[in-house]
Amino acid sequence: MKWCTTQQSMLMHAVVGRCHVLSVQISALQCQLEVCQTRIVSLEEQLKCAVEGSDSSRLREEISYLKGERSAMRSEIEHLMYLNLARTSQTASSSSLSESKLQRFVTDSDILEVAKATRTKWFEIGVHLGFKIEEVEDYKEKHPDNMCRRLSLLIADWVKREKKPTAGMLLAACRKADIEGAAKKALRKH
């Protein structure tokens with residue numbers, strides 16, 4: 001029996017380690033995606049000022065190439081998030097929050113507290129709440145300097161979309177984004 005528990009523990013640590021690696025890969029791709037998007041915007045501005053000819057053709061080609069790269073990066077992020085979701089579900093543990101707290105509907109206070117506590121993972125949480133990458137990126141464009149505001153609006157919009165948005169569902173999205181601990185602390189406050 002002890003051997004089985006040890007094997008399970010080792011397997012759990014391996015899965016958790018793989019989840020962390022996937023999260024790091026996702027973050028790196030998100031940074032590359034931001035750089036790519038910035039470069040596209042810069043080239044599009046240059047194109048507006050360019051005189052028709054070889055320079056504008058080169059700019060159009062580079063923009064087209066970068067848009068293809070951007071699309072590929074988005075697909076890769078979605079794939080890695082799917083893998084991370086599958087691995088995370090293997091490690092789902094019983095929560096230290098009471099069942100009644102997990103089953104209650106998300107409140108405005110929950111939204112604010114979770115957003116403050118988990119704002120650095122706003123992108124991943126948004127995707128795990130069911131938003132498309134393009135939708136999540138729109139929140140960044142609207143609120144480029146405020147991650148907490150960005151995430152609180154994402155969660156609020158998710159609450160409006162979802163039929164029965166519970167604290168447990170919000171916690172599950174945070175778990176998939178590797179920030180469950182901070183979310184649990186935030187949800188315990190209410």
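Colleague: Why is helix α8 (residues 167-176) described as largely enclosed by the rest of the structure?

Modeller: Start with burial: a residue is buried under 20% relative accessible area, exposed over 50% and partly exposed in between (1.4 Å probe, protein chains only). In α8, seven of the 10 residues are buried, so the helix is largely enclosed. Those buried residues are Ala167, Leu170, Leu171, Ala172, Ala173, Cys174 and Arg175. Just a heads-up: this is a predicted model, where local features need pLDDT of at least 70 and side-chain atom pairs pLDDT 80 or more, while totals for chains, interfaces and linings use all residues. Residues are numbered from 1 along each chain as its sequence is written, and side-chain values use heavy atoms, without hydrogens or water.

Colleague: Which helices do the buried residues of α4 pack against?

Modeller: Helices here are DSSP runs (H or I, at least four residues), numbered from the N terminus, and contact means heavy atoms within 4.5 Å. The buried residues of α4 (residues 108-118) include Asp110, Ile111 and Val114. Their packing partners are α5 (122-128), α7 (147-161), α8 and α9 (180-188).

Colleague: What about Arg70: which side chain of opposite charge is nearest?

Modeller: For charge, Lys and Arg count as positive, Asp and Glu as negative, with His and chain ends left out. A salt bridge puts a Lys or Arg side-chain nitrogen within 4 Å of an Asp or Glu carboxyl oxygen. Arg70, in helix α2 (residues 54-90), is buried without a salt bridge; Glu137, the nearest opposite charge, is 6.2 Å away.

Colleague: Which residues does Arg70 touch?

Modeller: Leaving out residues up to four places away in sequence, Arg70 touches Leu33, Cys36, Gln37 and Ile40.

Definitions and conventions:
Helix = DSSP H or I, 4+ residues; strand = E, 2+ residues; numbered from the N terminus.
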